[in-house]
Amino acid sequence: MANEERFQQIVDAEEKIEPTDWMPEGYRKTLIRQIAQHAHSEVIGMQPEGNWITRAPSLHRKAILIAKVQDEAGHGLYLYSAAETLGVNRDELQELLHQGKHKYSSIFNYPTLNWADIGAIGWLVDGAAITNQVMLTRCSYGPYSRAMVRICKEESFHQRQGYELLIRLCQGTPEQKAMAQDALNRWWWPSLMMFGPHDSDSTHTEQSMAWKIKRVSNDDLRQQFVDMTVPQANYLGISIPDPDLRWNADRGHYDFGDIDWDEFWRVVKGNGPMNRERVAHKVKAWEDGAWVREAATAYASKKRARTAA
Amino acid sequence: MTLVSRAPQGTPPPDPGDKFTMLLAHADDNMVLSQRLGELISNAPELEIDIAVGNISLDHLGVARALYTYAGEVEGEGHSEDQLAMFRNERDFTNLLLVEQPNGDFAHTIVRQFLFDAYQAELWSDLAHSDDEQLAGMAARAAKENAYHLRFSAGWLVRLGDGTYESHHRAQLALDELWQYTAELFEGNEYREAWESAVGSTLSEATLDVPDDPYQRTGGRSGFHTEHLGLLLAEMQWMQRSYPGLEW
């Protein structure tokens with residue numbers, strides 16, 4: 001049986017493709033791109049949240065936030081490891097990120113400007129990520145799907161923590177509630193953009209669906225997210241910044257306004273508010289650490305030589 | 001104690017025999033170091049180190065919270081962990097000068113951590129035998145975490161010291177600069193001998209020289225800090241000071 005045919009049979013039978021199995025070159029490339037982008041997003045995502053670690057308003061919140069940022073770093077590690085099963089290595093993927101040749105989620109190109117942003121990232125950004133990622137636990141590529149099972153559990157914990165942070169603000173003083181509203185105003189649309197272009201404009205969707213890397217379309221996921229999130233905003237008593245948002249009884253879904261696609265493409269192409277800072281921060285940390293990594297390598301080889309002697 | 005002391009001279013010289021004073025001093029050490037390490041997250045030389053630094057920061061924060069909470073109970077004036085951390089000024093903090101020193105390069109971060117971990121190894125094993133059961137329990141738990149921190153910091157110090165020419169030079173420089181804050185670690189205790197022996201053996205493995213500079217700066221335990229602490233606290237306490245009395 002031809003490789004290609006056998007591969008598609010495994011995929012169609014809902015079995016997993018494992019690293020040693022034959023796979024089409026396009027499948028491998030798509031997965032590397034997607035998993036690396038996902039890993040980069042976790043790592044870059046440490047910056048906007050890390051921005052509030054030193055200023056968290058209470059020790060309890062500081063502990064939650066440090067643990068969360070640490071989880072993101074851990075997700076980055078599993079995902080780079082999943083990508084490595086496809087024959088690339090972490091350093092080479094990071095290098096592509098540093099050179100601007102690899103993307104990460106555009107959501108992290110927005111700044112965190114008030115404490116409520118930490119709640120909004122948990123509630124909206126992690127919420128949108130989970131909506132996207134639950135389908136990835138059933139992805140046809142074994143290592144990726146298994147990494148996603150663990151990541152989704154931790155992300156849903158983060159999402160509840162973020163929402164709980166906002167509940168506290170919304171039940172607090174008018175000033176605290178205003179922080180939550182300000183955060184929702186700034187994070188709502190970028191969160192909807194996290195699902196990517198409309199299905200009609202999405203270049204990767206069709207092939208990814210056939211390979212069962214992706215299982216639900218961008219627009220369907222976005223609708224799911226809106227339907228889930230609107231009642232949560234209502235419970236908080238803050239308003240979603242969309243005058244066109246209303247329940248559509250015929251469709252059984254919320255209708256919502258048009259995304260500003262100019263903004264979407266501007267940020268994707270590197271011209272969002274924080275693109276340059278995020279990459280520069282990452283590159284600086286990496287370059288500042290070069291002598292440390294060299295020291296570790298030098299010490300390890302000295303130690304090997306001594307053991308051998 | 002009155003929180004947010006307005007007196008320019010800070011608090012009266014603390015009585016080291018007083019339990020509240022003692023708890024607060026150790027809480028402040030762990031709080032300030034946690035805050036410093038918190039600044040580093042996302043800036044580490046590699047992802048594994050970011051994770052380790054986050055973990056160590058979180059452990060110090062956990063110790064600080066437990067000690068502040070207990071200090072508040074001992075004091076009996078209803079002060080919470082947040083009040084003790086956020087509403088005391090620079091002159092009222094009694095942490096060691098060592099922990100408030102900036103992160104600097106990775107060699108400074110590691111040397112600071114190593115010197116402090118070696119000190120806390122003695123502290124926790126001592127306090128784990130305290131007659132105060134609550135404190136002894138906290139110390140026993142902290143001792144376990146500290147053993148991991150010490151493995152991390154000593155391991156990195158050896159790699160840096162015995163790594164490349166550059167890393168050796170940076171590690172020695174950091175050691176020379178931070179050494180002036182070590183005499184203070186032994187005020188009011190008898191940890192010096194054990195500490196010197198543990199530190200000496202790691203430094204020798206790291207091919208680093210024990211500094212012989214006699215200059216020593218002290219004063220942290222009585223609120224006479226370096227200029228770094230005020231800025232660290234300004235950042236840490238900003239939200240609580242801007243919005244006093246709110247729930248977060």
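For the term I used a side-chain nitrogen of Lys or Arg within 4 Å of a carboxyl oxygen of Asp or Glu. The model is predicted, so local features need pLDDT of at least 70 and side-chain atom pairs count only at pLDDT 80 or more, while totals for chains, interfaces and linings use all residues. Residues are numbered from 1 along each chain as its sequence is written, chains are lettered from A in the order in which they are written, and side-chain values use heavy atoms, with hydrogens and water left out.

**Entry: the interface**

I counted four salt bridges between chain B and chain A. I then looked up polar contacts, and the rule finds 16 residue pairs across this interface, both residues at pLDDT 80 or more. A polar contact here is a pair of N or O atoms within 3.5 Å; within protein, one must be able to donate a hydrogen and the other to accept it, and residues adjacent in sequence count only if both atoms are side-chain atoms.

Which helix of chain B gives the most to the side that touches chain A? I found α2(B), with 11 residues. By class, that side of chain B has 22 nonpolar, 11 polar and 15 charged residues. Ala, Val, Leu, Ile, Met, Phe, Trp, Tyr, Cys and Pro count as nonpolar, Asp, Glu, Lys and Arg as charged, and the others, Gly among them, as polar. Helices are DSSP runs (H or I, at least four residues), numbered from the N terminus.

The contact (heavy atoms within 4.5 Å) takes 48 residues from chain B and 46 residues from chain A. The buried area is about 4,000 Å², and carbon and sulfur atoms give 67% of it. That area is the accessible area (1.4 Å probe) that two parts lose on being put together, summed over both.

**Entry: a second pair between chains**

I looked up Asp162(B), which forms a salt bridge with Lys302(A), the closest N and O atoms being 3.1 Å apart. The pair runs from the loop between α6 and α7 of chain B to helix α13 (residues 290-308) of chain A. Asp162(B) is buried at 7% relative accessibility. Lys302(A) is partly exposed at 30%. My cut-offs: buried is under 20% relative accessible area, exposed over 50%, partly exposed in between (1.4 Å probe, protein chains only).

**Entry: salt bridges within chains**

In chain B, Asp105(B) pairs with Arg170(B), with the closest N and O atoms 2.9 Å apart. Asp105(B) lies in the loop between α4 (97-100) and α5 and Arg170(B) in helix α7, so the pair ties together parts 65 residues apart in sequence. Arg170(B) is partly exposed, at 24%.

In chain A, Arg186(A) and Asp182(A) form a salt bridge at 3.0 Å, N to O. Both lie in helix α8 (residues 174-193), four residues apart, about one turn of the helix. Arg186(A) is partly exposed at 24%, as is Asp182(A) at 31%. I also noted a salt-bridge network linking Glu49(A), Lys68(A), Glu72(A) and Asp126(A).

**Entry: cysteines**

How many disulfides are there over all chains? I count zero, taking a disulfide as a pair of cysteine sulfur atoms within 2.5 Å. Cys139(A) is in none; the nearest cysteine sulfur, that of Cys152(A), is 12 Å away. Cys139(A) is buried, at 0% relative accessible area. Cys170(A) is buried too, at 12%.

Notes: Helix = DSSP H or I, 4+ residues; strand = E, 2+ residues; numbered from the N terminus.
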